Amino acid sequence: MLVVTTAGQASTPMFAELVSLAAREKGLAGVVVDGPVRDSDALSKDHFPVWCRGTYAGRLLKRGPGEVNVPIVCGGVLIEPGDVIVADGDGVLRIPLADAPRALSVAQARARREDEIRAAIAAGANMFDVVGLKAALDASDMIEIDGTWQRPGAGG
């Protein structure tokens, strides 16, 4: 995964279709861009995953300065060379390389638990009970209102 940022505000696109072709040839799985990209239709059609701040129809500049494999801040998050970047439709997550084995183990356990929950729901279980929300509600000071909301003092 390539993570790209600028030292300041990006006023031109920082990634585009032809760059994605070269990136794919180098073995990259996708890109996170702390700025706009161009050619979003082509990027989508080519199934090259891109997470960015938006799109811009202007020209991609091809001049520096620039650095590779240095710590950067992208989206307000410090990214170190070698960090594991996980991204999907919900967003982007940075995992320090040293934490990757533990993060993988926790993620696998969570995936197994979610599979169990899906199976229980498919078998007719109440999700509220399966994930323990009923017990949490019972232990709290919250009151469950099973009906429409009524304002205090309102009739009916």
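Q: Which residues make up the largest nonpolar core?
A: In this predicted model, the largest nonpolar core has 9 residues. A second, separate core has 7 residues, and V3, C74, I79 and I85 are among them. The members of the largest one are V4, M14, F15, A23, V31, V33, V37, L43 and F48.

Q: Which residues does V31 touch, not counting those up to four places away in sequence?
A: V31 sits in strand β2, which covers residues 31–33, and it belongs to the largest nonpolar core. Leaving out residues up to four places away in sequence, V31 touches M1, L2, V4, F15, F48, P49, V50 and W51.

Q: Which residue in β4 is the bridge partner of V32?
A: Strand β2 and β4 pair in the parallel sense over 2 bridges. On the β4 side, V32 has as its bridge partner W51.

Q: Is G30 buried or exposed?
A: G30 lies in the loop between α1 (17–25) and β2. Not counting residues up to four places away in sequence, it touches M1, L2, F48 and P49. Buried means under 20% relative accessible area. Because its relative accessibility is 0%, G30 counts as buried.

Q: How many Å apart are G30 and V3, C-alpha to C-alpha?
A: V3 is part of the second, separate core. In sequence, G30 and V3 are 27 residues apart. In space, their C-alpha to C-alpha distance is 8.8 Å.

Technical notes: Residues are numbered from 1 along each chain as its sequence is written. This is a predicted model: local features need pLDDT of at least 70, side-chain atom pairs count only at pLDDT 80 or more; totals for chains, interfaces and linings use all residues. Side-chain values use heavy atoms; hydrogens and water are left out. Two strands pair if DSSP finds at least two bridges between them. Helices (H or I, at least four residues) and strands (E, at least two) are DSSP runs, numbered from the N terminus. Buried means under 20% relative accessible area, exposed over 50%, partly exposed in between (1.4 Å probe, protein chains only). Contact means heavy atoms within 4.5 Å. A nonpolar core is a set of buried Ala, Val, Leu, Ile, Met, Phe, Trp, Tyr and Cys residues joined through side-chain atoms within 4.5 Å.
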